[in-house]
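This report covers charged side-chain pairs. View the model first, then read on.

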Amino acid sequence: MTSTQQAVTADDLPVTVSFTRRADPAHAVQMSAWIRAGLTLAEGAPGFLGGGWVQPRNGADEWHMLCRFDSPATLAAWEASPERQWWLGSAQGLAEMTRTERRTGIEGWFDSPVAAAAEVAPQPAPPRWKQATTIWLVFFPLNLLATVTLGALLADVHVVARVAALTIVLTPLMTYLLLPWITRQLSWWLAGRRWRDRRVG
């Protein structure tokens with residue numbers, strides 16, 4: 001597989017954006033109408049797979065929303081669209097953005113529970129056994145390498161400190177480098193496609 005083909009495969013992964021807005025609980029009706037308007041606009045955007053929102057309870061002021069597109073390119077097109085710019089501008093004085101997160105592939109496991117959102121229709125997640133297998137494929141060799149290198153250097157260090165040092169090194173490597181990489185390589189398998197169809201989005 002060429003580097004260009006690998007890039008296409010990575011760019012074809014669906015992406016979910018979750019974001020949180022803070023608004024005065026007294027403006028719940030206006031917030032509900034604003035969110036529904038945004039979802040209606042997004043429904044007409046190419047690549048839109050679904051979206052939803054969770055209304056705060058017991059007088060809380062944070063609204064949690066998400067939307068899912070079939071690729072980073074279609075998400076970027078929606079984010080740059082005049083429709084979205086108008087929609088965001090209409091919230092001036094109504095809501096304050098507090099957090100935005102994007103998830104693709106296996107990273108999506110750490111999203112807020114989608115089942116709690118209304119009107120959500122995202123693609124199904126891979127089976128748990130596939131998720132576990134994918135993690136093990138990178139965790140085992142990485143852990144083995146760390147054990148025979150860094151672990152050997154720290155052999156005389158107390159076991160708690162030694163394990164803490166290993167996990168401090170391994171966790172960011174797994175989260176930011178190896179898990180995204182293995183997810184892209186196995187995206188065809190995680191999505192239930194055949195090997196010969198792995199370049200098909």
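R22 is partly exposed, at 32% relative accessibility. Here buried means under 20% relative accessible area, exposed over 50%, and partly exposed in between (1.4 Å probe, protein chains only). The model is predicted: local features need pLDDT of at least 70, side-chain atom pairs count only at pLDDT 80 or more, and totals for chains, interfaces and linings use all residues. Residues are numbered from 1 along each chain as its sequence is written, and side-chain values use heavy atoms, with hydrogens and water left out.

The structure holds two salt bridges. A salt bridge is a side-chain nitrogen of Lys or Arg within 4 Å of a carboxyl oxygen of Asp or Glu.

| Salt bridge | N to O distance |
|---|---|
| R22 and D61 | 3.3 Å |
| R22 and E62 | 3.0 Å |

Take R22 and E62. This pair links distant parts of the chain: R22 sits in strand β1, E62 in strand β3, 40 residues apart. Strands (E, at least two residues) are DSSP runs, numbered from the N terminus. E62 is partly exposed, with a relative accessible area of 24%.

Now R22 and D61. Their side chains meet in a salt bridge. Again, distant parts of the chain are linked: strand β1 (residues 15-23) carries R22, while D61 lies in the loop between β2 (48-54) and β3 (62-69), 39 residues apart. D61 has a relative accessible area of 28%, so D61 counts as partly exposed.

Together, R22, D61 and E62 form a network of salt bridges.

Definitions and conventions
Helices (H or I, at least four residues) and strands (E, at least two) are DSSP runs, numbered from the N terminus.
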